Protein chains: 2
Amino acid sequence: MDRTPGDLTALSTPARVADPDEALTPDELALATRNHGLPLEALRHDLTPPGLHYLLVHYDIPDTDPDGWHLSLGGRVLRPLDLTLDALRARPAVTRRVTLECAGNGRARLTPRPVSQPWLVEAVGTAEWTGVPLAALLAEAGPAEDAVEAVFTGADHGVERGVEQDYRRSLPLATAADPARDVLVAYAMNGAPLPPQHGSPLRLVVPGWYGMAHVKWLREITLTATPYTGFQQTAAYRIRRDPGEAGEPVTLIEPRALMAPPGFPDFMTRARVVRPGPVPLTGRAWSGHGPVVRVEVSEDGGAAWTDAEVVRDPAHPWAWAAWHTTWTAAPGLRHLAVRATDATGRTQPLTAPWNRGGFANNLVQRVEVLCAPAPEPAPGREPERRDPPATP
Amino acid sequence: MDRTPGDLTALSTPARVADPDEALTPDELALATRNHGLPLEALRHDLTPPGLHYLLVHYDIPDTDPDGWHLSLGGRVLRPLDLTLDALRARPAVTRRVTLECAGNGRARLTPRPVSQPWLVEAVGTAEWTGVPLAALLAEAGPAEDAVEAVFTGADHGVERGVEQDYRRSLPLATAADPARDVLVAYAMNGAPLPPQHGSPLRLVVPGWYGMAHVKWLREITLTATPYTGFQQTAAYRIRRDPGEAGEPVTLIEPRALMAPPGFPDFMTRARVVRPGPVPLTGRAWSGHGPVVRVEVSEDGGAAWTDAEVVRDPAHPWAWAAWHTTWTAAPGLRHLAVRATDATGRTQPLTAPWNRGGFANNLVQRVEVLCAPAPEPAPGREPERRDPPATP
């Protein structure tokens with residue numbers, strides 16, 4: 001942590017990619033101890049409890065006061081709005097079940113590794129968000145004829161690659177104002193007020209989009225006549241291979257399936273153990289581009305694939321689907337894998353396409369499992385276990 | 001993740017200490033993405049919201065069913081009990097505010113580094129736990145004359161250093177049965193049913209002890225006539241320098257103070273920035289050995305120390321105290337530190353005493369801060385910020 005005194009650029013350096021053999025850095029560890037993923041066994045919950053939902057906070061969780069909170073809606077509008085929480089709660093509310101994934105999910109498994117929050121595969125969660133449709137608020141304010149984007153500002157303040165900023169992102173007005181896109185200004189998560197870390201008292205929810213669009217601690221919406229070119233829009237969250245490229249923006253979530261690793265784990269390695277015989281395999285699958293229509297499981301590391309049963313709930317088009325199948329485990333070290341395909345034909349790759357930010361990477365998940373018979377207890381000693389549960 | 005096929009010992013290896021220059025391993029990262037600490041700005045909350053409270057799950061979060069849950073209390077007792085949740089809820093309940101810290105907090109900063117969950121300093125949280133005093137349940141069951149320990153078994157199942165086990169720990173009966181120790185069989189956290197990751201539907205809470213004693217997903221209490229010698233009691237959670245030593249057991253929490261890092265952070269380095277002038281410094285301090293009587297802050301990396309104001313709430317003797325002071329920041333790179341002293345005279349060291357497990361390490365926290373004036377906005381461009389809040 002020794003750093004040279006100086007201005008912000010001395011402590012806030014450009015984005016970088018790790019050297020080919022560079023192990024995880026102390027800075028990446030410091031992010032991993034704060035932010036956290038979904039423990040994969042929590043895929044069993046249709047609705048992720050707030051403390052198990054993935055969390056990525058760019059700066060600090062701000063010290064917000066719901067009682068004094070105002071959301072302003074201004075810029076290129078005919079009738080600017082200044083809304084308290086009570087004013088928002090007085091408007092017609094909707095609740096949407098939404099699967100949210102970090103754009104950097106899977107980044108830490110890329111080679112070379114983009115140096116940032118080191119997600120392996122677990123940066124996901126599903127919650128029910130309640131709030132006011134953004135389309136209704138925009139209709140109330142009346143976009144000016146020349147408005148093209150809505151810019152959303154959060155209350156979290158920090159510095160990133162030398163740029164001091166409040167977290168700020170934009171959406172095309174066509175997306176923000178489209179009732180069918182279900183963009184929400186949300187004040188509740190799973191029926192309770194937003195927890196501090198998920199945006200209390202207000203956040204944006206943009207179903208189908210990666211997490212960077214869902215601005216937390218939302219305090220300002222500004223319609224603009226030109227596209228927003230701020231840090232989080234044009235420096236961060238771009239898919240580029242070379243630092244000089246403009247790159248493509250990160251937008252909708254690519255399809256992904258995850259498996260709740262079967263059996264039980266070793267503490268240190270998280271390696272899995274199952275008993276020989278039938279083993280239920282279950283998990284979730286989602287895509288921001290369209291419904292997941294197929295989930296396939298491989299028992300041989302990705303050579304052969306068989307279809308799993310996919311259960312979608314038409315009442316919740318923005319939420320993950322459940323999937324399940326049964327695997328007959330034979331003794332030895334086994335290599336499971338799972339992949340999803342959505343209605344647009346998008347599927348998951350077996351080798352990860354690389355970009356400098358590690359964004360929108362949806363490499364198939366691989367789960368190594370040791371299938372072994374139950375051990376004999378040592379003579380004269382009570383075993384420190386009972387039979388493990390049959391389901392993951 | 002390539003591992004040799006074989007029995008459990010092939011994937012579940014002995015504890016080890018990292019090589020002198022060994023960076024964080026993929027296994028440690030996998031633990032860090034699941035388990036998580038308290039984001040230090042959340043020290044502002046008297047009661048930590050569940051999703052911000054530190055979390056360490058040894059194996060998987062088990063799939064428990066509150067409706068069918070039974071807690072058995074047997075072994076060396078006169079009247080064995082078998083209790084449903086309703087039976088527990090029908091008994092007189094107490095609520096206790098308790099600060100809980102992982103025994104391995106600070107481990108990842110030790111040299112050489114014990115390879116395990118890589119905590120930096122953030123494995124702490126405070127919650128109000130509601131449940132039935134264990135002393136009352138033990139009185140109801142009637143310990144046999146030869147009972148010396150109470151052994152607690154959770155429902156989480158895994159393998160650790162080759163030993164397949166349900167998580168299990170013991171307490172001396174003198175501690176377990178002492179009403180003044182306030183040991184609880186808890187079914188609620190901050191007024192709500194326990195979240196899955198914090199032990200739903202039942203957990204043990206042992207005020208003043210490190211986290212390993214607070215057995216989650218509690219299903220069985222067994223009184224024994226001999227001390228328990230299982231894995232988590234005699235292999236893990238011992239303070240030893242050499243692997244062959246029996247070592248000393250990990251028990252009560254050593255004193256520690258933490259500071260909510262002031263100002264605002266850089267995203268990647270978490271380095272802090274403040275403006276010149278008065279800066280409020282706030283945080284928490286706790287000890288399992290006795291009340292915190294003194295908190296000192298250093299502005300020069302630990303050479304000189306000045307007292308902070310300590311605010312204890314006598315209604316909550318098991319919870320952390322708040323502390324605050326004001327620092328006058330001058331431009332440049334500054335090195336803050338904070339340390340706590342408790343009523344027994346225990347305080348925090350400036351260099352960490354080392355043990356193989358990285359347990360009960362309470363090295364003083366150091367916070368590096370760049371004090372810099374607000375930057376001038378670039379001409380013709382709206383700054384991506386407003387003034388940061390004055391409080392951390």
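Hi everyone. In chain A, take contacts (heavy atoms within 4.5 Å) between residues at least 6 apart in sequence: 73% of them join residues at least 24 apart. Before I go on, this is a predicted model, where local features need pLDDT of at least 70, side-chain atom pairs count only at pLDDT 80 or more, and totals for chains, interfaces and linings use all residues. Residues are numbered from 1 along each chain as its sequence is written, chains are lettered from A and ligands numbered from 1 in the order in which they are written, and side-chain values use heavy atoms, with hydrogens and water left out.

Let's stay with chain A for a moment. It has six helices and 22 strands; these are DSSP runs, H or I of at least four residues for helices and E of at least two for strands, numbered from the N terminus. The C-alpha trace spans about 80 × 55 × 45 Å along its principal axes. Buried means under 20% relative accessible area, exposed over 50%, and partly exposed in between, with a 1.4 Å probe and protein chains only.

Now, the interface. The contact takes 85 residues from chain A and 86 residues from chain B. Together the two chains bury about 7600 Å², 59% of it on carbon and sulfur atoms; that area is the accessible area (1.4 Å probe) the two parts lose on being put together, summed over both. The rule finds 10 salt bridges across this interface, each a side-chain nitrogen of Lys or Arg within 4 Å of a carboxyl oxygen of Asp or Glu.

Which residue of chain B does A:Arg272 meet in a salt bridge? The partner is B:Asp60, at 2.6 Å from N to O. A:Arg270 also forms a salt bridge with B:Asp60, with the closest N and O atoms 2.7 Å apart. That pair runs from the loop between strands S14 (264-265) and S15 (272-274) of chain A to the loop between H2 and strand S1 (70-75) of chain B. A:Arg270 is buried at 12% relative accessible area, and B:Asp60 is buried at 8%.

Among the buried ones are B:Leu29, B:Leu31 and B:Arg34. The cover over the buried residues of H2(B) includes helix H2 (26-34) of chain A.

Finally, salt bridges within a chain. Over all chains, the structure holds 38 salt bridges. A:Arg284 pairs with A:Asp46 at 2.9 Å between the closest N and O atoms, linking strand S16 (residues 277-286) to the loop between H2 and S1 across 238 residues. A:Arg284 is buried at 7% relative accessibility, whereas A:Asp46 is partly exposed at 45%. In chain B, the side chains of B:Asp146 and B:Arg76 form a salt bridge at 2.9 Å, N to O, and these residues sit 70 residues apart. B:Asp146 is partly exposed at 33%, and B:Arg76 is partly exposed at 36%. To finish, have a look at A:Arg294, A:Glu296, A:Asp307 and A:Arg339, which are linked in a network of salt bridges. Thanks, everyone!
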